[in-house]
Amino acid sequence: MAAGGLANPQIIAHLEKSLDYTIFDVKWIPCSARFVVVGSHARGTGALQVFEMGQKELMLSKKYEKKDAIKCCTFGATALQDRHLATGNFTGKMETWDLEKGDLPVYSVKAHEEIVNCIDGVGGLGVGIGAPEIVTGSRDGTVKVWDVRQDTYPVAKMQPNEGEAKRDCWAVAFGNTYTEAERVVAAGYDNGDVKLFDLRTMSVRWEHNIKNGVCGLQFDRKDILMNKLVATSLEGKFYTFDMRFNIQRRISLCYGKGSQIYYLGC
(Lines give C-alpha, C1' and ligand atoms only; values in the text may rest on other atoms or scores of the structure.)
Protein backbone atom coordinates (compact mmCIF):
# COMPACT_ATOMS: atom_id res chain seq x y z
CA MET A 1 0.00 0.00 0.00
CA ALA A 2 1.33 3.43 -0.85
CA ALA A 3 1.98 5.84 1.98
CA GLY A 4 -0.73 8.11 0.61
CA GLY A 5 -3.32 5.39 1.24
CA LEU A 6 -2.95 5.94 4.98
CA ALA A 7 -3.16 9.74 4.83
CA ASN A 8 -6.84 9.94 5.79
CA PRO A 9 -7.91 6.73 7.57
CA GLN A 10 -11.58 6.41 8.51
CA ILE A 11 -12.28 5.19 12.03
CA ILE A 12 -15.89 4.66 13.05
CA ALA A 13 -16.72 4.55 16.78
CA HIS A 14 -19.11 1.69 17.50
CA LEU A 15 -19.51 2.21 21.26
CA GLU A 16 -17.94 4.67 23.69
CA LYS A 17 -17.60 4.90 27.46
CA SER A 18 -15.84 7.45 29.66
CA LEU A 19 -13.68 6.11 32.50
CA ASP A 20 -12.33 7.81 35.62
CA TYR A 21 -8.80 6.39 35.44
CA THR A 22 -5.81 6.30 33.06
CA ILE A 23 -5.95 3.39 30.61
CA PHE A 24 -2.66 1.67 29.78
CA ASP A 25 -3.75 -1.51 27.98
CA VAL A 26 -6.86 -3.17 26.51
CA LYS A 27 -7.25 -6.80 25.40
CA TRP A 28 -10.14 -8.81 23.96
CA ILE A 29 -11.03 -11.83 26.09
CA PRO A 30 -10.58 -14.84 23.75
CA CYS A 31 -13.71 -16.30 22.15
CA SER A 32 -16.04 -13.75 23.71
CA ALA A 33 -17.67 -10.37 23.15
CA ARG A 34 -15.87 -9.02 26.22
CA PHE A 35 -12.63 -7.15 26.77
CA VAL A 36 -10.45 -6.23 29.73
CA VAL A 37 -9.06 -2.78 30.53
CA VAL A 38 -6.10 -2.15 32.86
CA GLY A 39 -4.66 1.11 34.13
CA SER A 40 -4.10 3.42 37.07
CA HIS A 41 -6.40 5.41 39.34
CA ALA A 42 -5.40 8.94 40.34
CA ARG A 43 -4.54 7.65 43.84
CA GLY A 44 -1.97 5.24 42.34
CA THR A 45 -3.94 2.00 42.67
CA GLY A 46 -4.48 -0.39 39.79
CA ALA A 47 -7.66 -0.66 37.73
CA LEU A 48 -8.76 -3.98 36.21
CA GLN A 49 -12.21 -3.99 34.63
CA VAL A 50 -14.11 -6.30 32.28
CA PHE A 51 -16.63 -4.88 29.81
CA GLU A 52 -19.23 -6.66 27.71
CA MET A 53 -20.46 -5.50 24.33
CA GLY A 54 -24.13 -4.63 24.31
CA GLN A 55 -26.25 -3.48 21.40
CA LYS A 56 -26.23 0.14 22.49
CA GLU A 57 -23.67 0.42 25.28
CA LEU A 58 -20.65 -1.09 26.98
CA MET A 59 -21.64 -2.88 30.16
CA LEU A 60 -19.26 -3.25 33.10
CA SER A 61 -19.35 -6.90 34.21
CA LYS A 62 -16.32 -7.16 36.57
CA LYS A 63 -14.44 -4.51 38.52
CA TYR A 64 -11.30 -4.94 40.63
CA GLU A 65 -8.99 -2.39 42.27
CA LYS A 66 -5.41 -3.50 42.91
CA LYS A 67 -2.75 -2.17 45.25
CA ASP A 68 -0.41 -1.13 42.41
CA ALA A 69 -1.08 0.47 39.03
CA ILE A 70 -1.12 -1.97 36.09
CA LYS A 71 0.85 -1.12 32.94
CA CYS A 72 0.32 -4.03 30.52
CA CYS A 73 -1.51 -7.33 30.02
CA THR A 74 -1.81 -10.39 27.75
CA PHE A 75 -3.81 -13.61 27.32
CA GLY A 76 -1.11 -15.15 25.09
CA ALA A 77 0.07 -17.89 27.46
CA THR A 78 -3.23 -19.06 28.94
CA ALA A 79 -5.23 -22.16 28.10
CA LEU A 80 -8.44 -21.32 26.27
CA GLN A 81 -10.60 -22.92 28.96
CA ASP A 82 -8.93 -20.82 31.70
CA ARG A 83 -8.45 -17.46 29.97
CA HIS A 84 -6.17 -16.20 32.72
CA LEU A 85 -4.88 -12.66 32.23
CA ALA A 86 -1.17 -11.95 32.79
CA THR A 87 -0.31 -8.41 33.93
CA GLY A 88 2.78 -6.33 34.64
CA ASN A 89 2.61 -3.52 37.18
CA PHE A 90 4.45 -0.39 38.28
CA THR A 91 6.34 -2.13 41.13
CA GLY A 92 7.85 -4.79 38.86
CA LYS A 93 5.44 -7.64 39.57
CA MET A 94 4.11 -10.02 36.95
CA GLU A 95 0.84 -11.70 37.95
CA THR A 96 -1.88 -13.86 36.41
CA TRP A 97 -5.57 -13.49 37.23
CA ASP A 98 -8.76 -15.51 36.98
CA LEU A 99 -11.15 -12.77 35.88
CA GLU A 100 -14.17 -14.53 37.38
CA LYS A 101 -12.65 -14.32 40.89
CA GLY A 102 -9.91 -11.74 40.55
CA ASP A 103 -9.40 -10.69 44.18
CA LEU A 104 -6.15 -12.70 44.47
CA PRO A 105 -3.67 -13.61 41.70
CA VAL A 106 -3.31 -17.17 40.47
CA TYR A 107 0.45 -16.59 40.13
CA SER A 108 2.67 -13.72 41.30
CA VAL A 109 6.39 -13.03 40.99
CA LYS A 110 8.66 -10.03 41.52
CA ALA A 111 9.76 -10.01 37.90
CA HIS A 112 11.78 -6.78 37.77
CA GLU A 113 13.32 -4.14 40.00
CA GLU A 114 11.37 -1.39 38.23
CA ILE A 115 8.12 -0.97 36.27
CA VAL A 116 7.09 -3.73 33.85
CA ASN A 117 6.54 -1.72 30.67
CA CYS A 118 5.51 -4.53 28.33
CA ILE A 119 4.37 -8.14 28.24
CA ASP A 120 3.53 -10.85 25.70
CA GLY A 121 2.60 -14.53 25.81
CA VAL A 122 2.82 -17.60 23.60
CA GLY A 123 1.89 -21.28 23.74
CA GLY A 124 -1.65 -20.63 24.96
CA LEU A 125 -4.98 -20.31 23.14
CA GLY A 126 -3.79 -22.95 20.65
CA VAL A 127 -1.31 -20.50 19.08
CA GLY A 128 2.30 -21.57 18.71
CA ILE A 129 4.09 -24.83 19.48
CA GLY A 130 5.88 -25.45 22.77
CA ALA A 131 5.50 -24.51 26.40
CA PRO A 132 3.24 -21.62 27.45
CA GLU A 133 5.59 -18.74 28.27
CA ILE A 134 5.37 -15.05 29.14
CA VAL A 135 7.98 -12.42 28.29
CA THR A 136 8.34 -9.14 30.19
CA GLY A 137 10.40 -6.01 29.53
CA SER A 138 11.24 -3.35 32.09
CA ARG A 139 12.80 0.01 32.80
CA ASP A 140 15.61 -1.91 34.56
CA GLY A 141 16.96 -2.86 31.12
CA THR A 142 16.20 -6.57 31.29
CA VAL A 143 13.95 -8.85 29.24
CA LYS A 144 12.82 -12.03 31.01
CA VAL A 145 10.92 -15.15 29.93
CA TRP A 146 8.67 -16.92 32.43
CA ASP A 147 6.96 -20.31 32.65
CA VAL A 148 4.14 -19.92 35.20
CA ARG A 149 4.10 -23.70 35.77
CA GLN A 150 7.52 -23.42 37.41
CA ASP A 151 8.88 -21.61 40.46
CA THR A 152 9.51 -17.90 40.66
CA TYR A 153 12.64 -17.86 38.47
CA PRO A 154 12.80 -16.85 34.81
CA VAL A 155 13.63 -19.52 32.26
CA ALA A 156 15.64 -16.93 30.28
CA LYS A 157 17.05 -13.49 31.04
CA MET A 158 18.48 -10.97 28.57
CA GLN A 159 20.36 -8.03 30.05
CA PRO A 160 23.11 -5.56 29.04
CA ASN A 161 26.73 -6.68 29.32
CA GLU A 162 28.71 -5.42 32.27
CA GLY A 163 29.60 -1.79 31.74
CA GLU A 164 26.89 -1.16 29.13
CA ALA A 165 24.18 1.40 29.73
CA LYS A 166 20.73 0.06 30.68
CA ARG A 167 18.07 1.01 28.16
CA ASP A 168 14.38 1.23 29.02
CA CYS A 169 12.58 -1.70 27.30
CA TRP A 170 9.25 -0.48 25.93
CA ALA A 171 8.04 -3.40 23.76
CA VAL A 172 8.37 -7.20 23.53
CA ALA A 173 6.90 -9.83 21.19
CA PHE A 174 7.19 -13.60 20.71
CA GLY A 175 7.63 -15.11 17.24
CA ASN A 176 9.00 -18.02 15.18
CA THR A 177 7.28 -20.66 17.35
CA TYR A 178 6.71 -23.12 14.52
CA THR A 179 8.55 -26.07 16.16
CA GLU A 180 9.19 -27.27 19.72
CA ALA A 181 12.78 -25.99 19.53
CA GLU A 182 12.40 -22.63 17.78
CA ARG A 183 11.28 -19.46 19.54
CA VAL A 184 12.44 -15.84 19.40
CA VAL A 185 11.72 -12.67 21.34
CA ALA A 186 11.82 -9.22 19.75
CA ALA A 187 12.51 -6.34 22.13
CA GLY A 188 12.30 -2.60 21.50
CA TYR A 189 14.00 0.10 23.55
CA ASP A 190 13.72 3.81 24.27
CA ASN A 191 16.78 4.65 22.15
CA GLY A 192 15.29 3.04 19.02
CA ASP A 193 17.08 -0.31 19.25
CA VAL A 194 15.17 -3.38 18.06
CA LYS A 195 16.85 -6.65 19.12
CA LEU A 196 15.90 -10.20 18.15
CA PHE A 197 16.83 -12.77 20.81
CA ASP A 198 17.02 -16.46 19.81
CA LEU A 199 15.84 -18.49 22.82
CA ARG A 200 17.29 -21.73 21.43
CA THR A 201 20.86 -20.43 21.12
CA MET A 202 20.48 -17.66 23.74
CA SER A 203 22.07 -15.10 21.45
CA VAL A 204 21.22 -11.85 19.68
CA ARG A 205 20.15 -12.99 16.23
CA TRP A 206 19.66 -9.52 14.72
CA GLU A 207 19.47 -5.87 15.74
CA HIS A 208 18.59 -2.56 14.15
CA ASN A 209 18.03 1.04 15.26
CA ILE A 210 15.00 3.04 14.03
CA LYS A 211 16.21 6.31 15.61
CA ASN A 212 13.12 6.80 17.80
CA GLY A 213 11.80 5.02 20.88
CA VAL A 214 10.11 1.72 20.01
CA CYS A 215 6.54 1.77 21.36
CA GLY A 216 5.22 -1.50 19.90
CA LEU A 217 6.35 -4.72 18.19
CA GLN A 218 4.34 -7.47 16.52
CA PHE A 219 5.01 -10.40 14.19
CA ASP A 220 2.39 -11.05 11.54
CA ARG A 221 1.93 -14.51 13.12
CA LYS A 222 3.64 -16.10 16.11
CA ASP A 223 3.22 -19.71 15.03
CA ILE A 224 5.00 -19.70 11.63
CA LEU A 225 8.55 -19.26 10.38
CA MET A 226 9.38 -15.59 10.87
CA ASN A 227 7.92 -13.51 8.05
CA LYS A 228 7.17 -9.86 8.87
CA LEU A 229 7.89 -7.79 11.97
CA VAL A 230 6.24 -4.41 12.53
CA ALA A 231 7.73 -1.80 14.86
CA THR A 232 5.93 1.40 15.87
CA SER A 233 7.73 4.40 17.26
CA LEU A 234 7.51 7.92 18.54
CA GLU A 235 6.55 10.67 16.08
CA GLY A 236 3.85 8.46 14.54
CA LYS A 237 6.11 6.23 12.44
CA PHE A 238 5.95 2.52 11.85
CA TYR A 239 8.40 0.18 10.13
CA THR A 240 7.89 -3.24 8.55
CA PHE A 241 10.83 -5.66 8.37
CA ASP A 242 11.15 -8.77 6.21
CA MET A 243 12.57 -11.45 8.53
CA ARG A 244 12.61 -14.36 6.07
CA PHE A 245 15.66 -16.39 5.11
CA ASN A 246 17.77 -14.67 7.78
CA ILE A 247 17.73 -11.51 5.62
CA GLN A 248 16.36 -8.64 7.65
CA ARG A 249 15.57 -5.63 5.52
CA ARG A 250 13.21 -2.73 5.92
CA ILE A 251 10.50 -2.98 3.29
CA SER A 252 8.25 -0.05 4.14
CA LEU A 253 8.13 3.12 6.17
CA CYS A 254 4.94 5.05 6.80
CA TYR A 255 4.60 8.42 8.47
CA GLY A 256 1.81 9.59 10.70
CA LYS A 257 0.94 13.12 11.72
CA GLY A 258 3.59 13.36 14.43
CA SER A 259 1.57 11.55 17.10
CA GLN A 260 3.09 8.72 19.10
CA ILE A 261 1.90 5.18 18.36
CA TYR A 262 1.74 3.65 21.84
CA TYR A 263 0.15 0.33 21.02
CA LEU A 264 0.16 -2.15 18.15
CA GLY A 265 -2.28 -5.03 17.99
CA CYS A 266 -5.09 -6.78 16.21
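1. A word on the model: it is predicted, so local features need pLDDT of at least 70 and side-chain atom pairs count only at pLDDT 80 or more, while totals for chains, interfaces and linings use all residues. Residues are numbered from 1 along each chain as its sequence is written, and side-chain values use heavy atoms, with hydrogens and water left out.

2. You might start with the cysteines. The structure holds zero disulfides (a disulfide being a pair of cysteine sulfur atoms within 2.5 Å). For cysteine 72, the nearest cysteine sulfur belongs to cysteine 118 and is 6.4 Å away. Cysteine 72 has 4% relative accessibility and so counts as buried, where buried means under 20% relative accessible area, exposed over 50% and partly exposed in between, with a 1.4 Å probe and protein chains only. Cysteine 215, at 10%, is buried too.

3. Seven of its seven residues are buried, so β9 is largely enclosed by the rest of the structure. Six bridges join β9 to the antiparallel strand β10, residues 133-138. Across this pairing, glycine 121 has isoleucine 134 as its bridge partner, and cysteine 118 stands opposite glycine 137.

4. These strands belong to an open sheet of four, in the order β9-β10-β11-β12, with antiparallel pairing (two strands pair if DSSP finds at least two bridges between them). At the edges are β9 and β12 (156-158), each with a single partner strand, so one side of each has no neighbour in the sheet.

5. Which residues have the most contacts inside the largest nonpolar core? They are Leu196, Leu217, Phe219, Leu229 and Phe241, in a core of 17 residues. Such a core is a set of buried Ala, Val, Leu, Ile, Met, Phe, Trp, Tyr and Cys residues joined through side-chain atoms within 4.5 Å. Strands supplying at least two residues each include β13 (169-175), β14 (184-189) and β15 (193-198). The most comes from β17, which gives three residues.

6. Leucine 196 deserves a glance of its own. Leaving aside neighbours within four places in sequence, its contacts (heavy atoms within 4.5 Å) include Val184, Ala186, Trp206, Phe219 and Met243.

7. Finally, there is a second, separate core of 15 residues, with Cys118, Val135, Val143 and Leu199 among them.
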